[in-house]
Amino acid sequence: MAFTARAENVSPLAALKNVLQDALAVARVGRRTMHYLIRGKREPGSVARQMFAIGNQSLFFMCITMAFIGAIITFQTGLQSKKLVPDFSMIGATYLKLLIRDLAASVGALPLATRVGAGIAAEIGSMVVTEQVDALRMCAADPVDYLVVPRFIASVIMGTVILIIGGFVAYGSGMLVAQLMFDVSPHTFTNLSLVTMGDLVLGVSKAVTYGGAIALVSGQRGLATFGGSEGVGWATTEAVVGSCFAIIVLNLVISTIGYFFVPAL
Amino acid sequence: MKGLSLEVRVGLLVLVALVLLGGFVFILGGVELGDQYDLYVDFDNPGNVQPGAPVNVGSIQIGTVEGVEYWGGRLDPQTGRRPLIRTHLRVDENVRETIHEDAMFYVTSQSVLGESIIAVDPGDPERPALEDGAIVQGVDPPRLDLALALAYDLLENLSKLLRDNREELGTLLRSAANMIRQMDELLQENDNRLDAILANLERATEQTNEVLDGANGIVNGQRLQRTLRNVDRTLASVSRDIDPILEDVRGITEQGNEALGAIGPEQQDEIRTAIHEASSLAEEANATIADARAIVSHIREGRGTVGAFVMDEEIYDDIQEMLRDLKHNPWKLFWRE
């Protein structure tokens, strides 16, 4: 992975070339994942186990993180808006629109990538360095079908679930901060007047896309692991960094599309 | 939770997320829990009102904007108007009887930076309520952008005027200042005369007030009121009797016409002569009546012997006293010094 500069003295041009090569590698894994998603056979319980690992076991971490993020955003927004207009009646409506349209998915996906991406890369990377993946290949089984696809399905579903719940937690913590710091009542803060169905569709689309991107990038980095336990460490780091980068790039792409098809009021 | 299988725990988490998302969609979709009815409001400039915007009375939401349709000034045969924008409102059925025919619909915003909403002034409770599907004309919001543009144009023109006519304006201001100074000097020089003029004016005003008070007394006096009552009575009497009199006159005229038709040329000459003589006689009678009126007027004014005798109450009192005295002392008739 180009961003982690595993090799020393890499020029910017070479780094850019590595980024493009990594993106192509992820795209190839993505294509094979889509293929096996339609034609492959799932081992019974494999998806459920991954869903539990990605969703249920990330729930507490994500709720705490999103609660802090929501509180901080509301506090800083309130402080700055107080300098502009002495009116907090629309702070809840604005915050909710921002949260649904972008922050709940994009900001929430970053801690999710650290938690889930690292787990996927470490797990698959360990299997690679212990030659379990080679054993699969010897049995004429594609490791993408057995290892990446269940994690992809689980990550898409549970990533969306976790980001939805995280969004509600962030809104709740923001409401609490608005009440305590700016005397904005929960009733005033709960204002849906600026939110449209298009905002919701855009936000959920981002959550689904980020869930898939985390699984694909992390799975690809796990399968590309080499060099023993140190390689697993590098693969984990590269998976987290690559997932975060993929989230940022996808956010830009989806927001640009949303700007034209779901314009903000 | 520990007794539950892995699949159930995953399913529960997914269910929680689905419930949260579904509930949010349910609320966001503005699901109508009660009956609603339709109103259509025409605007030339509805500001930034969007579908889904609330419809409020005061701060209470009574409905939502269902749609905003561009009409572009097409003739609406139902109303005979040419709306530019027509908004479709869905209003709660339970407030239907409180939104009357003269209700005002205007565009405002929830706060300084808030979204545009439609506010309703419900109108006169004596008027009938608006029916389902009614089309009304809304009150357009003030065009602040237009006002600013006009104000900017005005200021620019004013600035240009001041810049281009700086010397003329300076001269004008100097002349005005000079005029004010001269007027001040004039006033100081004629201070005493001005005081006298004002005092005279005040006195004249007081006298005018007194005259007006006297005139009011005459106008509102009993004598004039009595005269007016008499005139009223006379007019009423004339009004009552005029129709029979006119009937009689008409009959007499007809008879006269008939008689005139029956008489010959010689008789007509005689009649003319007789009329001429009668006319002369009438003129003399008028003169005599005028003399008599003059005499009567003379008497009423108490002039002359008869006038004094008739009108002077003192003479009446004297005569009454003399008669009383003669009644008590009849010997005075025969007594002579």
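## Loops, a buried helix and a chain contact

Ala140(A) sits in the loop that joins H4 to helix H5 (143-182) of chain A. The model is predicted. Ala140(A) is not a glycine, yet its phi is positive, at about 60°. What is its setting, buried or exposed? Ala140(A) is exposed, because 6 other C-beta atoms lie within 10 Å and the cut-off for exposed is 12 or fewer.

Glu131(A) is another case in chain A. Its phi is near 65°, again positive in a residue other than glycine. Glu131(A) belongs to the loop between helix H3 (91-129) and helix H4 (132-138) of chain A. Glu131(A) is exposed too, with 11 other C-beta atoms within 10 Å. The table sets out the two residues.

| Residue | Phi | Loop in chain A | Other C-beta atoms within 10 Å |
|---|---|---|---|
| Ala140(A) | about 60° | between H4 and H5 (143-182) | 6 atoms |

Helix H7 (residues 197-223) of chain A has 27 residues. How far apart should its ends be? At 1.5 Å a residue, H7(A) should span 39 Å. Of the 27 residues of H7(A), 20 are buried, so the rest of the structure largely encloses the helix. A residue counts as buried here when 20 or more other C-beta atoms lie within 10 Å of its own.

Now chain B. Its 337 residues include a buried share of 10%. Chain B holds eight helices and seven strands. Take the contacts in chain B between residues at least 6 apart in sequence: 57% of them join residues at least 24 apart. Confidence for chain B averages a pLDDT of 84. A pLDDT of 70 or more is reached by 95% of its residues.

The two chains touch. The contact draws 23 residues from chain B and 24 residues from chain A. Which element gives the most to the chain B side? Helix H1 (residues 6-28) of chain B does, with 13 residues. By class, the side of chain B that touches chain A consists of 14 nonpolar, six polar and three charged residues.

For the complex, the predictor gives an ipTM of 0.83 and a pTM of 0.57. Where pLDDT is low, predicted coordinates should not be read in detail.

Definitions and conventions:
Residues numbered from 1 in each chain as written. Chains lettered and ligands numbered in written order. Predicted model: local features only at pLDDT ≥ 70, side-chain atom pairs only at ≥ 80, totals over all residues. Contact = placed C-beta atoms within 7 Å. Helix = DSSP H or I, 4+ residues; strand = E, 2+ residues; numbered from the N terminus. Nonpolar A, V, L, I, M, F, W, Y, C, P; charged D, E, K, R; others polar. pLDDT = per-residue confidence, 0-100. Expected span 1.5 Å × (residues − 1).
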